[in-house]
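User: I am new to this structure and would like to know what stands behind the terms used for it. Please take the terms one at a time.

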Amino acid sequence: MNTFKKFLLIFCAASFLAGCSKVSYRKTPGGMPYQLYEGKGTQKIVAGNIVKLNFTQKVKDSVYFSTAGKLPIYIPVSPTTQPYDMSELWTKLKVGDSVVATQMMDTFIRRLPQNVPPQFHNGDRIVTYVKVLAVFTSDSLAHVDETNMKQAWLVGEVAFLGKYLADKNITVQRTPSGAYVQMITPGTGNLIDSGNYVSVNYIGTSFSGKRFDSNTDTSFHHVEPLSFTVGTAGPGGMIKGLDEAMRLMRNGCTAKVYIPSIL
């Protein structure tokens with residue numbers, strides 16, 4: 001069973017446990033139809049809150065975006081809304097509620113044709129599934145919760161990777177935050193350090209082995225070396241897992257880096 005189907009079954013079960021009598025079919029002021037499955041929570045969402053959600057969106061019955069099997073998302077609730085948009089719903093919900101909203105791409109194309117990605121067309125239907133997990137009254141409270149969620153997720157991923165590599169008898173070195181580096185060829189000279197400027201060739205794959213990016217594969221249309229300054233992980237810099245892994249390498253080395261998604 002694929003991830004989305006699992007999510008949908010969990011979503012439906014959680015929704016109907018609250019009782020089918022609590023399901024309501026409505027339309028927003030902007031004309032967007034939605035089904036509301038009321039939960040048992042009492043905390044209402046108001047403008048200025050940060051809402052924590054499980055969120056899945058399908059276009060033409062294919063998953064376009066989903067938090068299923070991933071971390072939830074955090075959305076600020078604006079005092080203003082857009083017609084025929086999910087923003088119309090936030091202040092109608094409370095913690096524990098679930099919503100299924102339906103939109104037609106025709107409406108977006110008619111209203112703002114210049115903002116519609118080219119892969120979407122008239123007749124496409126968008127279905128959005130939302131579960132309200134928590135509501136925070138300030139950015140700082142939401143940030144603390146998100147940080148805790150990410151840390152717990154990282155701990156789980158690092159433990160999973162560690163066991164996987166141990167079971168496979170793969171010799172690795174671990175970075176401070178939890179990426180694992182398998183050295184294929186050691187290279188020469190001193191270890192790379194913060195402040196060093198490096199150029200690398202790379203192949204990026206998912207854990208299942210599916211290639212998602214590379215600068216050695218012409219099908220990805222960029223074959224120039226990836227160059228960056230070590231120690232600049234974060235927004236605008238290198239991802240943390242690879243940045244830390246570089247400090248276990250030397251010039252000319254070849255390595256395989258196992259990077260938890262949070263890193």
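User: How do the residues that line the second largest pocket divide into nonpolar, polar and charged?

Analyst: In this predicted model, the lining of the second largest pocket holds 10 nonpolar, 3 polar and 1 charged residues. Met, Phe, Pro and Ile count as nonpolar, and Met105, Phe108, Pro117, Phe120 and Ile126 are the lining residues closest to the pocket's centre, out of 14. The space in this pocket is about 310 Å³.

User: What makes a residue part of that lining?

Analyst: A lining residue has an atom within 4 Å of a point of the pocket. Strand 3 and helix 2 (105–111) each supply at least two such residues to the second largest pocket.

User: Why is strand 3 called largely enclosed?

Analyst: A residue is buried if its relative accessible area is under 20%. In strand 3 (residues 50–59), 9 of the 10 residues are buried, so the strand is largely enclosed by the rest of the structure.

User: How do you know that strand 3 and strand 7 pair?

Analyst: Two strands pair if at least two bridges are found between them. Strand 3 and strand 7 (residues 125–136) are joined by 10 bridges, so they meet that definition, and they run antiparallel. One of the contacts has Asn54 with Lys131 of strand 7 as its bridge partner.

User: Which bridges join strand 3 to strand 5 and to strand 4?

Analyst: Strand 5 (residues 73–76) pairs with strand 3 over 4 bridges in the antiparallel sense, and Ile50 stands opposite Pro76 there. Strand 4 (residues 62–66) also runs antiparallel to strand 3, with 4 bridges between them. Val59 faces Ser62 of strand 4.

User: What lies between strand 3 and strand 4 in their hairpin?

Analyst: The hairpin has 2 residues between strand 3 and strand 4. Lys60, in the turn, has a positive phi of about 55 degrees.

User: What is the volume of the largest pocket, and which residues lie nearest its centre?

Analyst: Its volume is about 1,600 Å³. The lining has 44 residues, and Ile203, Gly204, Thr205, Val257 and Ile259 lie nearest the centre. Among the elements that give two or more residues to this lining are helix 3 (139–167), helix 4 (240–246) and strand 16 (254–258).

User: How does the lining of the largest pocket divide by residue class?

Analyst: The lining of the largest pocket has 26 nonpolar, 13 polar and 5 charged residues.

Conventions
Residues numbered from 1 in each chain as written. Predicted model: local features only at pLDDT ≥ 70, side-chain atom pairs only at ≥ 80, totals over all residues. Heavy atoms only, no water. Buried < 20%, exposed > 50% of the residue type's maximum accessible area, 1.4 Å probe, protein only. 1 Å grid on protein atoms, 1.4 Å probe; cavity = no way out; pocket = protein on both sides within 12 Å on 5 of 7 lines; lining within 4 Å. Points joined across faces, edges and corners; volume = space filled by probe spheres on them.
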